[in-house]
Amino acid sequence: MKHGITFFIGTILLLPMVYADWPQYEQNPFEITMEIPAPENQDGGIIVADINNDGLMDYVVTVAGHIAAYAHDGSKLWIRQTDIQIKSHELPGNHAPGVIAGDIDSNGKTELLYLTYGGDLHVLDGESGELLWAASPPLPEAIKRWDVVVIANLRGAENNDVILQGFEDASLKGRFLHAYAVDDLRQGHYTPLWTRDDFLSCRHNGVRIADLDGTGRHYALGGSIISPDGEKLFEIKLPGHGAHLDSLSVAKVRDNIPGLQVVSVEEANVAASQGAPHRVFLYNHEGLIWESNYQGWEPQNIAVGNFDPARQGLEIWNRSRFNTNQKPFVLDAFGEFVSQYEMDNVAPEGWSEGGVEVINTIDWTGAEKQLAAAKERHTVGDVCIFDPITGEFIQRFSVKADRLYIADVSGDWREEVIILQGNSLRIFHNPEPNPRPNQPRLWEKDHYLRSKLTYNYYSP
Ligand SMILES: [Ca+2]
Ligand SMILES: [Ca+2]
Ligand SMILES: [Ca+2]
Ligand SMILES: [Ca+2]
């Protein structure tokens with residue numbers, strides 16, 4: 001009995017030490033000045049991953065012609081000059097990093113993968129930035145190069161497969177998906193695991209992936225859901241005439257439905273006054289769960305999170321299309337209306353009348369209630385944290401943000417606000433005490449990790 005109690009106390013005392021393994025930055029913000037040009041237009045973005053294999057999250061930033069890698073402590077790992085494909089007007093889209101990290105050969109070391117304008121797949125050693133190998137997978141006739149590469153687990157071995165996506169044009173979007181075993185690509189064996197030429201992608205962002213049913217294997221996600229074996233299991237029916245999907249998120253929206261669900265939103269391309277629906281969809285690999293058409297307003301961008309812990313499941317915040325004075329609306333996990341407000345009434349003085357963009361769900365306070373982080377729309381401007389249910393601005397960061405990325409990189413499990421400002425990374429953490437310090441790290445959720453590697457402006 002005595003032994004049991006000692007062991008029990010010992011276990012409890014050990015827990016905070018596990019979380020202390022990731023140091024909190026003393027400076028707030030912590031700043032890294034990088035030896036790369038400032039971003040041009042909307043090309044390139046940020047990812048974090050442990051690329052030097054020391055257990056701490058590092059920073060990878062892409063701008064035209066450059067990939068920069070900086071370690072967790074801000075020291076430079078390497079900078080590679082290369083013709084990385086980060087074309088914002090096609091895919092991978094605005095603010096997309098165009099680079100992805102993972103241990104693709106199960107040797108315990110992280111690799112970085114990206115595509116070039118020349119049509120090649122490059123594989124770098126994460127720690128040194130050296131080219132390990134390259135491949136030139138063949139193209140479907142309709143496309144000029146591959147535009148998106150996603151590391152996935154399709155066959156049951158962690159991260160040992162990739163999905164390539166090609167962008168045809170704005171109406172047909174990224175309908176081509178070719179899946180490969182990494183080993184085949186490395187050896188120049190260009191026999192895909194499967195291919196599709198009928199994938200319904202979001203217009204503005206690339207294919208996402210998630211393990212929807214807990215088997216460990218990934219489904220390819222867009223308006224279509226493609227099984228790990230390449231079968232199309234479900235597809236949203238759009239009316240044609242330029243209707244498309246603008247934003248997509250994957251989460252456990254409904255806690256009474258097994259697995260994860262996908263949320264996506266429709267732009268009808270026909271005025272709502274003409275009766276065209278602008279819908280929000282919730283679905284999974286087994287079919288449509290619900291669709292909602294709130295006042296015929298176009299949802300445009302979404303953030304999905306537990307914004308109201310008193311309500312079952314997750315809530316869905318919709319930005320609305322309005323070019324000035326946005327009118328965000330919130331739906332619950334069942335597609336029912338929760339709240340709606342006007343941005344001009346909630347934004348602080350001097351905030352852009354264009355509203356917000358790059359809207360991320362964020363675990364900022366550590367409380368069960370999640371918040372949203374976003375930047376000023378259509379301007380290199382400030383960043384805010386707001387309550388999605390009421391629109392109340394909780395925090396404003398006076399910055400000149402070119403890019404905004406939300407991820408857990410330091411301290412406890414909560415997320416930091418990571419801003420690219422010119423050639424400088426600025427990492428803000430919440431100095432307030434964490435009310436729930438012993439939650440598991442968000443990175444332990446596979447869908448969190450995959451989302452943070454495949455996001456862009458439209459679908460953070
Ligand atoms: Ca590291
Ligand atoms: Ca590796
Ligand atoms: Ca809720
Ligand atoms: Ca953190």
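Modeller: Two strands pair if DSSP finds at least two bridges between them. Helices (H or I, at least four residues) and strands (E, at least two) are runs in the DSSP assignment, numbered from the N terminus. This is a predicted model, in which local features need pLDDT of at least 70 and side-chain atom pairs count only at pLDDT 80 or more, while totals for chains, interfaces and linings use all residues. Residues are numbered from 1 along each chain as its sequence is written, and chains are lettered from A and ligands numbered from 1 in the order in which they are written.

Biologist: How do you know that β31 and β32 pair?

Modeller: β31 and β32 (residues 424–428) are joined by 5 bridges in the antiparallel sense, and the rule asks for at least two. In one of these bridges I419 has R426 of β32 as its partner. The hairpin of β31 and β32 has 2 residues between the strands, and G422 takes a positive phi near 60° there. β30 also runs antiparallel to β31, with 5 bridges, including one from I406 to V417 in β31.

Biologist: Why is β11 called largely enclosed?

Modeller: For β11 the count is 6 of the 6 residues, so this strand too is described as largely enclosed by the rest of the structure. D161, I163 and Q165 point one way, V162, L164 and G166 the other way, and all are buried.

Biologist: Which strands pair with β11?

Modeller: β10 and β11 run antiparallel with 5 bridges, one of them between A152 and D161. β11 (residues 161–166) and β12 (residues 176–181) are antiparallel as well, with 6 bridges. Here G166 has F176 as its bridge partner, and Q165 stands opposite L177.

Biologist: What makes β10 and β13 the edges of the sheet?

Modeller: The open sheet has 4 strands in the order β10-β11-β12-β13, with antiparallel pairing. β10 (148–152) and β13 (194–196) each have a single partner strand, so one side of each has no neighbour in the sheet.

Biologist: Which residues have the most contacts inside the largest nonpolar core?

Modeller: They are V60, V149, V150, V162, L221 and V263, in a core of 114 residues. Its largest share, 5 residues, comes from β10. Such a core is a set of buried Ala, Val, Leu, Ile, Met, Phe, Trp, Tyr and Cys residues joined through C-beta atoms within 7 Å. Contact means C-beta atoms, placed from the backbone, within 7 Å. Leaving aside neighbours within four places in sequence, V162 is in contact with residues including L113, V149, Y180 and L185.

Biologist: What covers the buried residues of α4?

Modeller: The cover includes β2 (46–49), β14 (208–210), β18 (244–251) and β30 (403–407). The buried residues of α4 (residues 446–453) are R450, S451 and K452.

Biologist: How do you know that the radius of gyration agrees with a compact globule?

Modeller: The rule is 2.2 Å times the number of residues to the power 0.38, and the radius is taken over C-alpha atoms. With 460 residues the rule gives a radius near 23 Å, and the protein has 21 Å, which agrees. The C-alpha trace spans about 70 × 55 × 50 Å along its principal axes. The protein has 4 helices and 32 strands.

Terms used: A residue is buried if 20 or more other C-beta atoms lie within 10 Å of its own, exposed if 12 or fewer, and partly exposed in between; C-beta atoms are placed from the backbone. Two residues are in contact if their C-beta atoms, placed from the backbone, lie within 7 Å.
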